[in-house]
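Reader: I am new to this structure and would like to know what stands behind the words used to describe it. Please set the values against the cut-offs.

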Amino acid sequence: MTHGLGKTFTDETIENISHGPFSLNIDESTSNADKRVLTMLVSYLSIRQERIVVEHLQSVELFKVDTASVFSAIEKMFNDNNIPWENLVSVLMDSCSVMRGSKNGLEVKIRKEKAPQLLDINGDSCHHVHNACRKFCEPFDGLVETLATDLHNDVKWSADLKVQLREICEILSIPFTTPLRFLSHRWLSCYDVTAPNIVMMDAFRVMYYGFMCPEDRALYKTPILQILNERGVTSDGKERLKEIWETMSSKNMTQDGHNRKQRIIEKVIEKSKETDLISSFYMAVLRLLKDYVLLFQSKSTLIHILHDKQEELMRNFLACFMKPEFLVRLSSQQLKTVKIAREEHCLHPKDMFLGLAAEEMLQKEGDSPTVKCFLDKATDAYVQCAQHLQKRLPLDNDFLKSVSAVDPSARGHHLTVRYLKSLRSTCKSFLTEEEASQISLEVHKYQVDSSLPDPNLMSIDKWWTAVKGTKKYPALSKMVLTVLTCFHGPMVEGSFNLMGDIIDCKSTRMDNKTFSATQSVKYGLKARNATALQHFRKKEVLHTPVDRNLCVNMRGAAKMQKEEWAKAAATKKKRLETLTLAAPERNSSAKERDSLKEKEMAARKVHQQELKRKAVQRLTQLAAKKKKVSH
């Protein structure tokens with residue numbers, strides 16, 4: 001895999017990016033073997049497939065994650081494979097200080113020392129939106145998130161409880177799903193765990209009613225019976241539920257299990273109104289953020305709509321709690337500076353968008369303390385989330401604004417002309433002087449050309465490749481295809497999911513080079529939209545030419561692996577010899593003590609042998625006497 005198949009795919013990727021522009025997506029994660037792995041994905045225009053493809057470039061093990069070590073690993077990769085830094089268009093990373101610190105971050109270091117032509121695409125917007133979601137959830141003190149975790153753990157550690165929950169769902173005619181675990185590092189995990197829990201909330205209430213003490217059961221009997229009547233539970237079903245409750249009441253539990261059930265009972269039964277309000281609010285509002293993340297997790301080329309979708313997200317989110325008259329005429333630049341927390345700009349809490357379910361509950365409750373508390377927290381959630389989006393989303397990024405003009409649907413507008421011309425100055429490092437001088441006229445001709453292909457029939461990268469094939473706009477199409485290599489979302493996160501599948505609990509000793517080669521093969525096949533059988537199958541066994549590089553690599557793989565093992569063993573031996581300290585010469589008293597111990601051990605051994613000889617002699621004599629007596 002490492003020196004055969006993986007090397008073939010990696011060599012082909014390196015060959016492609018060595019002769020054309022490409023972009024990188026970089027991130028670091030910890031594997032199941034507790035190793036820090038830096039993964040690099042590359043996006044470039046494939047001449048063979050006539051579209052932008054994303055492939056795995058390399059995964060490197062790091063011993064320390066800081067700017068210097070990450071930069072050193074990337075620089076070594078470029079130098080070892082003779083990849084020209086001049087071809088690097090952009091690098092997408094998350095916004096931590098190591099990667100995008102304003103003074104000493106990795107992006108600053110690459111731009112300053114290696115690639116001054118690097119385009120500014122800002123950081124990963126999906127991370128910004130995910131962190132904004134966390135800000136949104138802060139005022140509610142993690143009520144929904146901790147409930148999801150407790151429900152997941154309760155079912156996970158009690159197999160019989162899961163069986164009973166499934167049976168209760170059948171009685172109540174509720175589709176059963178295993179409660180999901182809340183993970184703070186997963187994209188909008190609070191939304192993902194809340195959606196199925198809302199559907200099963202009545203089942204949770206009926207089930208955990210059985211763990212309440214008799215006094216509390218009498219207190220909450222009416223709402224439970226109301227659930228059963230609304231669900232149309234038969235008399236046989238009610239009798240079965242009583243049996244399940246009796247079983248639960250007599251269940252032996254650990255102290256942790258008892259505490260966990262008390263927390264669940266408090267949230268799903270005692271504070272049911274508060275839990276329902278917050279859950280419904282999450283489902284209604286966080287859908288805006290979830291849709292954005294899902295869109296930019298896709299593998300299609302979407303850099304041209306990134307700015308428009310960020311502006312749309314910001315505008316729509318502000319419209320949920322701010323007065324529309326303050327938002328209608330605001331530009332993207334003004335959205336970046338509008339005062340969000342001003343009371344005169346915000347709607348009354350009851351007029352904010354809360355979701356249909358939450359609004360209906362508020363109408364029933366009136367002006368109760370629960371409602372007032374919830375509305376205050378909802379206002380804080382909106383303001384905190386909006387302020388984070390306003391601070392982090394690059395709504396004032398001129399490059400992303402200009403890139404929106406490469407969308408074929410934007411043709412025929414004077415702003416498109418202006419933005420495409422501004423791209424020329426941004427991307428001048430990737431154009432010759434002759435091409436740069438041609439772009440201005442090509443931009444104007446492109447606006448009114450009615451002979452170009454229909455953009456609705458293909459993706460934008462394939463459309464611009466087709467435009468390039470017409471040879472009408474060679475400079476413009478080259479510039480646009482260079483820009484389209486930029487990553488729009490964190491595709492590298494998907495490689496970490498694959499890493500969890502490859503390096504699992506049974507393969508933690510896998511070498512990082514083997515893992516990197518496996519990733520290269522997987523991404524290579526995905527980029528070609530083919531399985532291994534489809535990719536390597538020959539149409540005609542006798543006449544279809546073989547892949548010579550693959551044959552050479554496969555034949556020499558074993559030899560190279562053995563040489564690598566021998567080299568590693570020699571290096572390890574040399575390191576041990578270097579670290580081994582010469583033993584200090586012992587003094588005479590120590591030598592005397594050692595000599596005395598050796599003599600004592602020798603004497604003890606002789607004594608034991610003598611005792612053994614005498615025992616054997618006695619046994620022989622006794623045997624001889626018994627023989628005489630028998631005669």
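Reader: Why is D150 called buried?

Author: D150 has 7% relative accessibility, and buried means under 20% relative accessible area, exposed over 50% and partly exposed in between (1.4 Å probe, protein chains only). D150 therefore counts as buried.

Reader: What kind of model do these values come from?

Author: This is a predicted model, in which local features need pLDDT of at least 70 and side-chain atom pairs count only at pLDDT 80 or more, while totals for chains, interfaces and linings use all residues. Residues are numbered from 1 along each chain as its sequence is written, and side-chain values use heavy atoms, with hydrogens and water left out.

Reader: What makes the pair D150 and R263 a salt bridge?

Author: The term requires a side-chain nitrogen of Lys or Arg within 4 Å of a carboxyl oxygen of Asp or Glu. In D150 and R263 the closest N and O atoms are 3.0 Å apart, and the pair forms a salt bridge. D150 lies in helix α6 (residues 143–156) and R263 in helix α13 (residues 255–270), so the pair ties together parts that are 113 residues apart in sequence. Helices here are DSSP runs of H or I with at least four residues, strands are runs of E with at least two, and both are numbered from the N terminus.

Reader: Why is R263 called partly exposed?

Author: R263 has 36% relative accessibility, so R263 counts as partly exposed.

Reader: How many salt bridges does a search of the whole structure find?

Author: The search finds 33. Among them is the one between R240 and E243, with the closest N and O atoms 2.9 Å apart. Both residues lie in helix α12 (residues 235–249), 3 residues apart, about one turn of the helix. R240 is partly exposed at 31%, and E243 is partly exposed at 46%.

Reader: What makes D202 buried, and which side chain does its side chain contact?

Author: D202 has 17% relative accessibility and therefore counts as buried. D202 is found in helix α9 (residues 201–209). Its side chain makes a polar contact with the side chain of R231 at 3.1 Å. A polar contact is a pair of N or O atoms within 3.5 Å; within protein, one must be able to donate a hydrogen and the other to accept it, and residues adjacent in sequence count only if both atoms are side-chain atoms.

Reader: Which residues does F321 contact?

Author: Contact means heavy atoms within 4.5 Å. Leaving aside neighbours within four places in sequence, F321 is in contact with I340, C346, L347, M352, Y382, V383 and A386. F321 is also one of the residues with the most contacts inside the largest nonpolar core, which has 101 residues. Such a core is a set of buried Ala, Val, Leu, Ile, Met, Phe, Trp, Tyr and Cys residues joined through side-chain atoms within 4.5 Å. A second, separate core of 34 residues includes A203, M207, Y208 and I269.

Reader: How do you know that β2 and β3 pair?

Author: Two strands pair if DSSP finds at least two bridges between them. Strand β2 (residues 36–46) and β3 pair in the antiparallel sense over 11 bridges. V42 stands opposite E55 in β3.

Reader: In what order do the strands of the open sheet lie?

Author: The sheet has 4 strands in the order β3-β2-β1-β4, with mixed pairing. The edge strands, β3 (51–62) and β4 (88–92), each pair on one side only.
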